[in-house]
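Let's take a friendly walk through this structure together. Have the sequence and the coordinates open as you read.

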Amino acid sequence: SFLTSVYAASSPVHEIKGTVESVNAGEDPPVIVVKGQYGSNEGIVVGAVIKQGATIMRGKKRIALDQIHAGDKVTLKYVKTSDGLMVRSIVLHRN
């Protein structure tokens with residue numbers, strides 16, 4: 001609906017740096033769970049849906065979701081929508 005697209009367009013992008021707790025590449029829709037720091041010392045766990053079109057990178061190279069595993073260090077950018085949290089991008093850091 002029109003309202004949904006306006007809501008999605010105006011929602012701020014949140015960012016969390018942390019460790020992948022789990023990722024279900026085989027599920028539809030796939031979900032990634034990242035545990036990290038939010039702000040100075042607050043621990044946070046974010047579970048977000050990975051829609052078609054989300055950017056998944058290692059360095060400057062696009063990679064497939066199945067190349068991300070529990071324990072990997074990532075930066076996750078996501079937005080809050082009426083359907084829950086949606087991934088905008090995942091950047092995999094070399095450990």
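Buried here means under 20% relative accessible area, while exposed means over 50%, with partly exposed in between. Keep in mind that this is a predicted model.

With that cut-off in hand, turn to threonine 81, a residue of strand E6. Its relative accessibility is 18%, so threonine 81 counts as buried. The threonine 81 side chain also reaches the backbone nitrogen of aspartate 83, at 3.1 Å.

Next, the interior. In soluble globular proteins, nonpolar side chains tend to be buried together. The largest nonpolar core in this model has 18 residues, and those with the most contacts inside it include Ile32, Ile50, Leu76 and Val87. At least two core residues come from each of strands E1 (13–23), E2 (31–38), E3 (42–49), E6 (73–81) and E7 (84–92). Isoleucine 68 is also among the core residues with the most contacts. Leaving aside residues up to four places away in sequence, isoleucine 68 touches Val20, Val23, Ile32, Ile56, Ile63, Ile90 and Leu92.

Now for the charged side chains. How many salt bridges does the count come to? The count is two. In one of them, glutamate 15 meets lysine 17, with N to O at 3.1 Å. Glutamate 15 also forms a salt bridge with lysine 77, where the closest N and O atoms are 3.6 Å apart. Because glutamate 15 lies in strand E1 and lysine 77 in strand E6, this pair ties together parts that are 62 residues apart in sequence. Through shared partners, salt bridges join Glu15, Lys17 and Lys77 into one network. Glutamate 15 is partly exposed at 37% relative accessible area, and lysine 77 counts as partly exposed at 34%.

Conventions: Residues are numbered from 1 along each chain as its sequence is written. This is a predicted model: local features need pLDDT of at least 70, side-chain atom pairs count only at pLDDT 80 or more; totals for chains, interfaces and linings use all residues. Side-chain values use heavy atoms; hydrogens and water are left out. A nonpolar core is a set of buried Ala, Val, Leu, Ile, Met, Phe, Trp, Tyr and Cys residues joined through side-chain atoms within 4.5 Å. Buried means under 20% relative accessible area, exposed over 50%, partly exposed in between (1.4 Å probe, protein chains only). Helices (H or I, at least four residues) and strands (E, at least two) are DSSP runs, numbered from the N terminus. Contact means heavy atoms within 4.5 Å. A polar contact is a pair of N or O atoms within 3.5 Å; within protein, one must be able to donate a hydrogen and the other to accept it, and residues adjacent in sequence count only if both atoms are side-chain atoms. A salt bridge is a side-chain nitrogen of Lys or Arg within 4 Å of a carboxyl oxygen of Asp or Glu.
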